[in-house]
Structure formats: structure tokens, C-alpha cells
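Please look through the sequence and the model first.

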Amino acid sequence: MSEIMENPKGGCVLAGINSVLGAIERVCPIYHSGPGCCMQTSASDQGQSGHKSSCFVSSVSIPSSNMLEKEVVFGGTNKLRTTIQGAIDIIDADAYFVLTGCTAGIIGDDIASITNEFSEKGIPVYPIETPGFTGDSNLGYETVWNTFLDKVIDKNVPKDDKLVNIFGIIPYHDPFWSGTLEEIDRILSRLGLRVNTFFTKGQGIEDVKKSSAAALNIIVNPWLFKGPAAKYESKFGVPSLRIPGLFVGATDTTRFVRKVAETLNLDKDLVESVIASEEKYVYHYLEQSIGVLSWKRFAVVADANNAIGFTRYLANDYSFTPVLVIVSEPIFRPEDKERIIKEITDLEYARPPKVLFLTDQYEINKAIREEEQEITLLVGSSNDREIALEKDIQFILGSFPMSERLIFNRTYAGYRGSLTFTEDIYDNN
Amino acid sequence: MAINLSNSNVATRENRIGSITGYVGTLKDLATQSECGTLKGCSRCFSQSSTCLSSCALGQLCGIRDVALIHHGPAGCSVAAAGAYYMSKVMSKKRGVTSNTIYVGTDMNENDTIFGSTNALRNVILEVNKRYSPKAIFVSSSCATGIIGEDIDSIVDEVRDEVGVPIVAVHCEGFKSRIWATGFDISDHAVLQSIVQPPREGVKTNKINFKNFFESARPEIIEMFKKFDLDPVFLYCNSTVEELSHISESLATTCICGTLGNYLGNALEEKYGVPYVRSINQCGIVGFEAWLREIGKVTGRSEPIEKYIEEQRAIYLPQIEEVKKKLQGKTAVLGMGPGYTFEVSRVLNELGIKVVWALAWHYDKKYENGDVPPSMKYLLDNDIDFEASVADQQNYEVMNVLHKYQPDMYLSRHPGSTVWAIKNGTPAIYVADEYMIFGYKHTLEFAKTIVDAIENRSFEENLAKRTKLPYTDWWYQQNVDKFLEETK
């Protein structure tokens, strides 16, 4: 329902779809939409998430049917057909996906009938018939995977009991996505696993197609990917393990490693030796800088995944006191909210913080402004810096939207990321 | 041009002034055809992403201090909120003022596209008014609200008395025009309709309206105009509603970019008799002097202006001549909005650089008053010609041109466009700030920037060696106009 949203975060479904497709090598999105949708959706995610843009094609190089009044009135399928043909002629891609803008969605253009004309000739062109207005970037992420599951992933691929697929980290939306996926890949590789991150190390559409061979899907997110996970299981027999929140620091990362090891029945000695060496690595550094950071009472404003990771690390591993956690992405299912609250409040050492679900910046600012307990550190997005300045609270830019930092492979996740996070709190980044 | 301020809709540039986005040929042919009225733009059967006019329209309006923008549409359309936030907080801070401009989206969803949401919109407007007490409210539409026929005008009329501040509907359906600059006209129209008042009786002023983007050269322009007893009013970044209400009283209107200022300038002239300064723009020496002289003529200040020109020439011309030596015979391709392409082409010519191809993102055959744009007229009168095309940012056409001509440099005012030139190994100069080539001083700096960019190509060459562009060999062998077709 229409409601007030001050400084909306992120984009529509198309933004999420564009982000995912842009992170896979040699995949070309084709917008069937108004002339501005591609730039708007590129700006909303890639433009506000640490200043990285997709490599293969991005913004001005992405094909778009640029629907005008004529197409609104008479339909846009002819324009779509020539746009797809042109894309095939000039862009040397491994697969093409047609995205549906609000305009095409409302006037009801039959996109699949056009893409079929090409796929019948053996050209890999796929329709994604979920219009922009149906949701946000998060839904876009799930929408792409549903399309892959329905139309792209191969059925008869021999199983590989050492292959795992990683889900739950949205590229170009989570500012730390590259580094986070690389850290997860690094840790799991040490356990002898082969890892599909799909968005790093040059992985392409072939890796997506063969992802049905995996022994396990690992979903690093407290709520995302419920639908696609069920489909992976029913259609391809790949079970899923949900890690209900990003792991930052030794405690939660070790918990993650043990869960994966247990589920896949990995060699216990290997697992324990990896954990021991990783923990030693982290604590060897922490030990060298004891007392460098002063103690804080903190608040977090972030998407659910990062909110859980930041809160649990600072409270459970670093002895800080959590005061207020605001989950700033829209969460609709009550059971998801419960799972998120549980992860944030079920702390081994600290008393639980207050947890709020707010997407409107006005409400977010109000909650922080009116918080009665003292806050001395705020980890949030670019939108939250102002209230931190107003209240004279130390501010760390750690969540989406993030417009004042350049992020290549930096992450706060995992063993090594927790050290970076701690450095940044000292450096005031 | 007849400006109709009783209707909140503005005709598109295509319909109003015959603007086009598809053409490949030469500058001379383009100009000759527009002069004799035979120019007919082409469309493309294949295109890449263009830009939404809403970002131009709302991007302009959110620069005004202490106003509220309500974007009625799906959440994705409201991405300009990020820029709006930056404009109101950072740009005001930079100038030492405060702005509480606020940008809200209405987060329209699937149900709203079926059942409509005018009631919800009414509540949003009232709540925004209560929460933020803005000095004016702009309510924008989107593609989705446009297609389902949401009647924003009626809602705005209904709540006008209750909100008690200027409020106006801003029609930003993205499918309306291929020319995103139509958005500039839309924002001007909204300001003229809701805020600008007729001149007060007996008010005497030395103010001159100066339409620009981000007022980065504000202090030096104020300083310069002081010498001529003129007081510039910069629009719209950091403007107040109060200031805007009196722009009808100014001595004249000028602008940094004809595409940006044309609608407002002509409307103020037509409606309130405020002269609009029509000349080539302030880029380069020839442009700067022509512009100053025109201001002198319009405002009766020729004498101090001639004196200023003489002083500045003595300081800067020798220095510019020195840098020019390093630029002789270098080649350039450029891609910009038409308000800059044909102006910057002139400057490159002044600096001794050969323009081998110029792309304009659109082309206005005629300005609102019916004349051919002054920048074109200048090039024609001075017998300057080069290959030219009109393309709404079509990257594949840019890359085809760069691949064929391998110029020494590519210049663009759009960062997404320079990215692809750099991947091609071409040094690119991002003419980001509208004052980058303004007057003597900045023309000198611009020339030095070009020297720096083309002398050290380490990043471009190293990157290009290691990156693979998405375009097929087939495409590089085609003519640039391969996908153009006659408009049906």
C-alpha cells in the first residue's frame, strides 16, 4: 500500500535482478521498459553500494527497448523483438535475460512469446516476467534464482558431494558482497569443499547450470531465499542449510563452520584444525591491540543479515553493550521477524538490545533521537550519519546505502573480516 | 513559444521544438537541414539504456531549500532520493546555509496499480506537510501512475487550501519523452506554475537570474558581476522559495547550459518581460566574451564589461597560448548533451584540437523562440565542420566511433560514458562540473587538464590490455547508423 518512505533504500525488483545478472560473467540483461529504468535501477543498487559497477555490461551499455508512448498504446513486443536481435548481434554474451518494467507489466506485453522465438533457434534468451512494482531489490534476487531454477539449471548433472552453493548475499546491494563471498569461499575451501559463489572468481552461467550437482545450498541470511530453496530441493534434490545471519568474528564463524561440517559430515580432525588455526589467527591480532578501542554502547541500522552480524560480534565477541538495533529493510513474514529478533537478542554475554523494524528514515531518526539509553557508537548507512552527527555519536559506515566509501574486496564477515571491522571502528570509517 | 501555466503538463521537447535523438552525418548537414526545416530524426530498432526525465526534473527541484518532493510511484523510481539528500545536506553545507528539503517515495505496489491509490496519496501529502512543514510541495507521477491514470492534479487541487503552501503536480512519466532534458522543462514549469509571482510594483533591482547546476563558481561569479553592478541569483541549487517567487523582477536571465535554462529563460521573457540572454555559452574565450558582451547589451553595462575583458585577456591569453602548443593537432571525440557538445567543440577548435566526431545526446532543431541554437550558428558561420551524430547516450555507437577513429581523447559530461571509453584504452575527460571551461581562468585549467590526461595514459592502456569489451567484431565493422530507421 502507498505509504510515506523518506529516503527509500534500494530499488525495485529490476534493481535486484540487474545486480545479480551483472555479477555473473558474460550475462547480458535486456530491459523491456521505459528509457530510464536501467539507469534508475543501476543508480539505486550499484550506485549506492560502495561504488562498484558490473564489468561485462553496465548502465549505458545495457540494451533497453526504451518504451515510449507509442509502445504504451500499441504494445511493445515489436520493439522488444528488434532489441533482442540487436543485443545478440552486437553483444557477445553467453546468455540474455529480458527484464520487465512497470510499463510492460501493466500493459501486459507477452514477453515469453518473443523470447521463445529466439530460444527455439537455440539462442539462450530467457524472460523474467516480474514487473518492477511487485517489490524491492531483495525480491529481485529471489526472482532471478526462480528464473534460473525454472529455465536455466540443468537437471541431469552428476552429484558432487564436495560442491556447495552459497546464497543470501546480494551482489551490488550488500556493499561488502565481494569480500564476504571471498571470505566464505576461503574458509570452506580450507575444509576441502568446492564453492559456487556465482559472483566471484569469474563464475558464469555454466556454473549456474551445473549448480544442481551441489551437495548443499548454504543460505547466509536469516530470511531470504525461502522459495528458491524449496524449489532446489524439490526439483534437483539439493537440500539447504540456513545460517540465520551473517557471521562476523571467531565465535559465529566457528559456529557456521561446525554447522556446515556437521551437515556434510566432514572429517572432524580437519575441521577442528581449520577452526583452531583460524581462531588463533584472529586472536593473535586482537591480543596485540588490547585496550586500543574504548568500550562502547552501540546501535546498528542495517539490513537483517548485517544487523545480526554486527550486533553479535560487538556484543558477543568484543564486550560492547548493544542498545538498539534497527532492521531497515522491509520484512513481511512474522516468522522471519521472530528469527531475526532471536538471533539479535539471544546473546551469550550481553543483555539483549531493543529491536525495531523500520524502513522510513524519519522513523529511524526518531527512534535514535528519542532513545533514552546512551549510545556512543552507531553502525549504519549513509542515511544515518546525520542523526549520529546530531547526537554526537561515533559513526561507522557499514550498511547499505553506502555512498561515501569505495569498497573492493573489504568485508566485515568471517574470521578475517572481523579484524577489518575492528580496525574501522578505531579509524572511524 | 506559448507557455501555458494553467496546465501542469508540459509538451515534450519532441513535440514542442522538434527535438530529435537519431541522426548520423555531418555538423553542416545537421545545421542546414534544421535551418530549412527538412531535418527529420530517426529512431532505432535497437537501443541501449537511456535516462529517465524524472531524474532531471526532480534532481533540479530537490536543490531548492526546504521543500518536499513526493514521488508517487514504485520504490525503484524514488532513487533520486539519494541525490536529493546529498543536494540538500552537502550542497547547502558547502555554501554555509541549511536546507531541510525532503524526498519521500510512496512505495506503490501491485495492488495500487490495480485499485489506484489516490486516497493514500492524499494522506501522504497531508502527513508530509505536518511532519516537515515544507515551504512548497512537489508531487511527482511515474510511469506506473501515468498508465493507470492516477489523477494527481485533482488531489493536489483538493488539498491545496489545507496545506497552505505552494503545491503542484509534476508530470514525470518516463515514457513521455526520449529526451531526458524534457525533465528540466518540467521542473521549470512546476516552479513557474506554483512559486514565481508577478513582479511587485516599484521594485528596482540589479539582480540577474543565473540558471546553473551546482553553483561551484558562485563566489567568483558574484565577484565578477560586482564589477558590473549586477547581483546574480543562482537557480535552483540552494534557492529559497522566497527568492524564486521574485525571479520575475530580475534584469535578465542567463544560464550555463542552453538545454538547462532555455525553458525558464523564455518563459520569464514571454510572461514577465525579463530578457533572456541569447548567446553562445561561457565555455572558452570566444564564448565567454560573446556572453559577457550580450549581458552588457541587455542590461546596459557594456562599458565596464569591455574594461574587464581587456584586463583578463592580458592575464590569461599568453598562458593559454603556451599550453595550446602541446595540444596542436590532437584529435577528440565527444559525447554530451547538445547544450555542451557544440559549445565544447568550439573550445576544442580554439585550443587547436581537431574534433573528429561529436555526439549530441539529443538535438533541438530550434530553441523556444524559433532560432537555431547559437552554438551551431557560430560553428557554421566560422566554417567549422566535422562528423556528427545524435544519439541518446547510445554506448554501442560511441564505442564504434572510438574504435574506428582511435582519438587522442574522449570528452563526456556523463560518467557512465567515460567508463567505457577508458575500457577501450581512450583517455577520457569527464567534464563533470558545468564551470570546468568557464571563462579565461577555467579555459586555461581545462587545457592543462587535457594535457595531463593525454600525456599519462598508464591506467587506460594497462586496463585496456587486460579487459575484454562485450561488443562483437561484427559490430565494429558496421556503420554507426546500422540500427537507425526512418521514424514511422
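The model is predicted: local features need pLDDT of at least 70, side-chain atom pairs count only at pLDDT 80 or more, and totals for chains, interfaces and linings use all residues. Residues are numbered from 1 along each chain as its sequence is written, while chains are lettered from A and ligands numbered from 1 in the order in which they are written.

**Chain B as a whole**

Chain B has 21 helices and 15 strands; helices (H or I, at least four residues) and strands (E, at least two) are DSSP runs, numbered from the N terminus. The radius of gyration of chain B, taken over C-alpha atoms, is 23 Å, close to the 23 Å given by the globule rule for 488 residues, so chain B is as compact as a globular protein of that length. That rule is 2.2 Å times the number of residues to the power 0.38. Along the principal axes, the C-alpha atoms of chain B fill a box of roughly 65 × 60 × 45 Å.

Of the 488 residues in chain B, 55% are buried. A residue is buried if 20 or more other C-beta atoms lie within 10 Å of its own, exposed if 12 or fewer, and partly exposed in between, with C-beta atoms placed from the backbone. Two residues are in contact if their C-beta atoms, placed from the backbone, lie within 7 Å. Among contacts in chain B between residues at least 6 apart in sequence, 75% join residues at least 24 apart.

**Where the chains meet**

Chain A gives 57 residues to the contact and chain B gives 60 residues. On the side of chain A that touches chain B, at least two residues each come from β1 (5-6), α1 (13-23), α2 (37-44), α3 (69-74), α4 (77-90) and α5 (102-107) of chain A. The largest share of that side, six residues, comes from α2(A).

**The sheets**

An open sheet of five strands has the order β1(A)-β4(B)-β3(B)-β5(B)-β6(B), with mixed pairing; two strands pair if DSSP finds at least two bridges between them. Its edge strands, each pairing on one side only, are β1 of chain A and β6 (167-170) of chain B. Helix α8 (residues 152-163) of chain B packs on this sheet and touches β5 and β6 of chain B; its direction makes about 165 degrees with that of β6(B). Axes are lines fitted to C-alpha atoms, for helices over the stretch in contact, and angles run from 0 to 180 degrees between N-to-C directions.

In chain A, three strands form an open sheet in the order β2-β3-β4, with parallel pairing. The twist averages 25 degrees from one strand to the next. Helix α4(A) packs on the sheet, touching β2, β3 and β4 of chain A, at about 160 degrees to the direction of β2(A).

| Strand pair | Bridges | Direction |
|---|---|---|
| β1(A) and β4(B) | two bridges | antiparallel |
| β5(B) and β6(B) | four bridges | parallel |
| β3(A) and β4(A) | four bridges | parallel |

A:Met5 has B:Gly105 in β4(B) as its bridge partner.

**One loop residue**

A:Glu371 lies in the loop between α15 (361-369) and β12 (377-380) of chain A. A:Glu371 counts as partly exposed because it has 14 C-beta neighbours inside 10 Å.
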